Amino acid sequence: MLLGPVAADAATTCSRANLTRCLDSACAINISSNPAARCQYCGTASAGGAPADTGMRSVSVGQSASNTLTAKQLQSAPDDPGARYAWATTECMKKVAGCSLDDVADIYDPLIEQSCRAAGISAQMATLQAAARKTKSQSSCATDIRACLIDAKRCGANFAACEDNADFDKFFAACSVEATGCTNYTSAIRTDLIAARDTAIKNADAVLAGIVASYQNARDTKLKSVQNNCTNNAAREDCIKTVCERNMRNQCGANYPAEKSMATLICKFHDLACDKLKK
């Protein structure tokens, strides 16, 4: 008994291989370089936008057009992944005889799921790579945070405004937030900067103490010198000698006692100073 046309179509077995090729021609464009293609084209928009298909190249190149969608047909494909999958299903069921929606779901849904897992991994890797690009070296982070911390509006170049730990912690926290990509190093950098602060403050105290000591020594030396001059009247005698040489016509010679008396009177202030010092 011969089967009629309808019965013959009904008896046709779905070629799942051909159905996969047809669906791939719409959903797996350039899959060799993009494992997430099926998910992006016919899965979910959350997998990211599908790459532009320059010239509508697809996996159908070199295959029979009877089992794949043509470039012209693909120009009418929806951009939304869900709509594109529905569109591709309709078109491929026309091309591959004997296939049903169940066949599509059985053979292609698992492929889309696999692709979406690949898309998730790709997204995760992209995130990690972006984070890695933002991560800087410890020395670079230390330089950035220190520059921020010793700004005149914060601790200052000599850390004078951060002698108190609360002030230091406040400014360090703000600078750490500004220095992106340095999270892994902040603890070590804080320890180093605390040490730098303590050294700077200690050195500042030492410098101040040195200045005070130098002035004290200068005063003591001068006082001792004055005391010595008063003990033997050396300063007064030097004054008289200078006045005689520079201001007296006859340089206070032996025959000119009046000049010597005048010079002694001029240098009388040494005696007054020494009397005051003795008191």
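## Surface patch

Partly exposed means a relative accessible area between the buried limit, under 20%, and the exposed limit, over 50%. Ile266 has 45% relative accessibility, so Ile266 counts as partly exposed. This is a predicted model.

Ile266 lies in helix α11, which covers residues 257–266. Together with Met262 and Leu265, Ile266 forms a nonpolar patch on the surface. The accessible area of the three together is about 300 Å².

## Salt bridges between helices

How many salt bridges does a search of the whole structure find? The search finds eight.

One of them joins the side chains of Arg16 and Asp103, at 3.1 Å from N to O. This pair links distant parts of the chain, 87 residues apart. Arg16 sits in helix α2 (residues 16–27), and Asp103 sits in helix α6 (residues 101–134). Arg16 is partly exposed because its relative accessibility is 36%. Asp103 has a relative accessible area of 12%, so Asp103 is buried.

Helix α2 also holds Asp24. The side chain of Asp24 meets that of Arg38 in a salt bridge of 2.9 Å, N to O. Arg38 belongs to helix α3 (residues 37–42), and the two partners are 14 residues apart. Asp24 counts as buried because its relative accessibility is 11%. Arg38 has 14%, so Arg38 counts as buried too.

## A neighbouring pair and a network

Arg236 forms a salt bridge with Glu237. Their closest N and O atoms are 3.3 Å apart. Glu237 is partly exposed because its relative accessible area is 38%.

Key:
Residues numbered from 1 in each chain as written. Predicted model: local features only at pLDDT ≥ 70, side-chain atom pairs only at ≥ 80, totals over all residues. Heavy atoms only, no water. Patch = residues over 30% accessible without salt bridge, like charges linked within 9 Å, V, L, I, M, F, W, Y side chains within 5 Å. Areas by Shrake-Rupley, 256 points an atom, 1.4 Å probe, with all protein chains shown as cover. Salt bridge = Lys/Arg side-chain N within 4 Å of Asp/Glu carboxyl O. Helix = DSSP H or I, 4+ residues; strand = E, 2+ residues; numbered from the N terminus. Buried < 20%, exposed > 50% of the residue type's maximum accessible area, 1.4 Å probe, protein only.
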